Amino acid sequence: MLTPLAAALLLAAAPSPAAPSREALAAFAERELSELLAKHRVAGAVIALVADGELVFARGYGHRDVAAKLPVEAERTLFRVGSVSKLFVWTAVMQCVERGLIALDADVNRYLDFEIPATYAEPITMAHLMAHTPGFEDQLLGLFTTDRAQLRGLAEVMREVPRRIAPPGRFSSYSNYGAALAATIVERVTGVPFDRYVAEQIFAPLGMTRSTFAQPVPEPLAPDLSRGYELRGEELVPAPFEYVSGVYPAGSLSSTATDMARFLLAHLHGGALEGRQILAPATAAAMQQRSFGHDPRFSGLAHGFLQAPTGAGMMLYHGGDTVFFHTLALLFPERHAAFFVSANSSSAGQAVQELGKAFLARFFPGPTGRELAAAYATPAPPERFAGTYLSRRRSESDLTRLVALAMPVRVTPDGEGGLTVSSFMHPSSPRFVQIGPNLFREADGDDQVLFLEDAEGGVDAVVLGLMPVMTFGRPAFADQPWLAALIAGAVLLLSLSIWLLPPAGLVARLRRRTRPTGELRLAAWGSLLLGLANLAFVAAFTASFSGGMLAVLTDSPLRRAAVLIPWLCAALGLAVLVLGVRAWRRRAWGLPSCLHVGALALSSLLFVWWLAHWRVLA
């Protein structure tokens, strides 16, 4: 069948746009970024654009301090760039590879003074860490803190090895621990602390004088660090400094737009800038070569960079998110162009994503899904791909496992042979059309989704085009979002109703002013207490997240206290169930009362099981 080849030829034959001009870039930034900042209520942002191998445009927008009315300046204002920091980890790794200090295919235990458990026969290598395929569970709890006293050291956290939940190399699952482990190895083979190593071997040669991994930033730079802001309702509230705890190399970099442009220029120029070399040309080229992907037609990973096909050839990119800062860096090696944007508000994630897509659509458009779909003559029934998929990047040890439920990918047939895809990357649920086996492209754009098959040939998972470091699998029955909604809804409804409509036997006896038996009294008041305990847990647990995403990632005394309540609910549920059965057998209650109390007890026990399953009670 030649239709996939025809689609590939159509993609290759797409117009090859020239590098955008300085004037076009400036006009784009002025129009698009200003509109997006207003639309998403963002305090400030900065952008830098590179064309023909040089910085052609850099500008700040809005404020780095709203109350003081201090503007953002591209050359001076430092932004927290989040996971874009990892590009410096991988650059440092490749420097060590170049010097013969690290082998990409060697067991990482060779370089450590502690042991990564041999859960699987295959050892974890540096290549696995760079491709986010070591198979570690995710660790989000405690990733950020606003209390410097709670800041943990790199060496301490590295020894707390996450569970290995998949063989290395099977699928990509983004790992902050993996990146920090790579930085630890750089420390050990060079004998230099990672932050100092980067300052000496990357920042200094490139003239990045306004960049630092230090937390908080050094005093000379502190006055120019942008504040972060949290959008609460319609108000932007100043946020405290976010410390990246333990795994700091994975996300603690603070830098200016012009400093970041210098780093991107070095990667566009074979590892050199203004005569100063940080990587040999061959090493820089190797760093941009594909190292992992689920399908050669689809986005994948180079050695640390994410990789995606565009109208400008292969794009290298990386995003970065803290709670209050959102960043995106794009490189187009075949066009000697690059794009960097960072914004300082919790509401800016969508704005940064939309700006990146607008940049691609404006300067490097590729063929749309409609154009490519015309070359593919045998699309599969869209129902084959339909369903809800949950992220495989999740914890198996603590309550942040619940994050998977909060960011599902929902795939729905559109009735016209295509699919709509709803996800955190696709909040508007765009339409996708099939352009090859298991491969779909946005009908009116160039975003893609890829479906993966299991050993039996069934559709097992989906990968989003701009997020190849995460796969989303079909959930097991116990993990179904609808089951979570059913259990939680039943518990809340029955817990409220037990107070609004207490057991009829108790009410009748109180009206007759007669004393119920001891067992009946215990069953009645036990059910009331069970309903109250359920409601108290939901209220306290929900309140423990009232601080937004930072509260999700931070442990709290209220949450620690709240997760004790379900154990009380389990004991009460068992007791009420036994006493309710006895009351029914003795005809002390009628069938409706027994069913009411029994449903509350059973749903409460099921709720406790579900909480344990999702590691809320761990």
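Residues are described as buried when their relative accessible area is under 20%, as exposed when it is over 50%, and as partly exposed in between, with a 1.4 Å probe and protein chains only. The structure is a predicted model, in which local features need pLDDT of at least 70 and side-chain atom pairs count only at pLDDT 80 or more, while totals for chains, interfaces and linings use all residues. Residues are numbered from 1 along each chain as its sequence is written, and side-chain values use heavy atoms, with hydrogens and water left out.

Backbone geometry is considered first. Helices (H or I, at least four residues) and strands (E, at least two) are DSSP runs, numbered from the N terminus. Arginine 41 is located in the loop between α2 (22-39) and β1 (44-51). Its phi is near 55°, a positive value in a residue other than glycine. Because its relative accessibility is 31%, arginine 41 counts as partly exposed. A positive phi, of about 50°, also occurs at serine 429, which is not a glycine. Serine 429 belongs to the loop between β20 (419-422) and β21 (431-436), and its relative accessible area of 32% makes it partly exposed. The peptide bond that joins glutamine 215 and proline 216 is cis, with omega about -10°; proline 216 is placed in the loop between α7 and β6 (228-232). Most residues other than glycine have a negative phi, and most peptide bonds are trans.

The loop between α7 and β6 also holds arginine 210. With 16% relative accessibility, arginine 210 counts as buried. Contact is taken to mean heavy atoms within 4.5 Å. Not counting residues up to four places away in sequence, arginine 210 touches Glu75, Arg76, Leu78, Leu221, Asp224, Ser254, Ser255, Thr256 and Asp259. Aspartate 259 is 49 residues from arginine 210 in sequence, and their C-alpha atoms are 6.7 Å apart in space.

The loop between α3 and α4 contains tyrosine 111 and alanine 118. Tyrosine 111, at 10% relative accessibility, counts as buried, whereas alanine 118 is exposed, with a relative accessible area of 70%. With neighbours within four places in sequence left aside, the contacts of tyrosine 111 are Leu101, Ile102, Ala103, Ala106, Ile185, Arg188 and Val189. A separation of 65 Å lies between the C-alpha atoms of tyrosine 111 and leucine 501, which are 390 residues apart along the chain. For alanine 118 and arginine 164, 46 residues apart in sequence, the C-alpha to C-alpha distance is 8.8 Å.

Helix packing was examined with axes fitted as lines to C-alpha atoms, over the stretch in contact for helices, and with angles from 0 to 180 degrees between N-to-C directions. Angles under 35 degrees count as roughly parallel, over 145 as roughly antiparallel, 65 to 115 as roughly perpendicular and the rest as oblique. Helix α3 (residues 86-98) packs against helix α7 (residues 194-206) at an angle of about 75°, and their axes are 11 Å apart. The two helices α3 and α7 are therefore roughly perpendicular to each other. From α3, the contact involves Phe88, Val89, Thr91, Ala92, Gln95 and Cys96, and from α7, Phe194, Tyr197, Val198, Gln201, Ile202 and Phe203. Nine of the residues in this contact of α3 with α7 are nonpolar, three are polar and none is charged; Ala, Val, Leu, Ile, Met, Phe, Trp, Tyr, Cys and Pro count as nonpolar, Asp, Glu, Lys and Arg as charged, and the others, Gly among them, as polar.

The axes of helix α13 (residues 481-500) and helix α19 (residues 591-613) come within 9 Å and cross at roughly 140°, and α13 and α19 are therefore oblique to each other. By class, their contact has 13 nonpolar, five polar and no charged residues.

A nonpolar core is a set of buried Ala, Val, Leu, Ile, Met, Phe, Trp, Tyr and Cys residues joined through side-chain atoms within 4.5 Å. The largest such core has 81 residues, of which Phe88 and Leu181 touch the most other members. Apart from this core lies another, of 59 residues, including Ala131, Tyr174, Leu328 and Val459.
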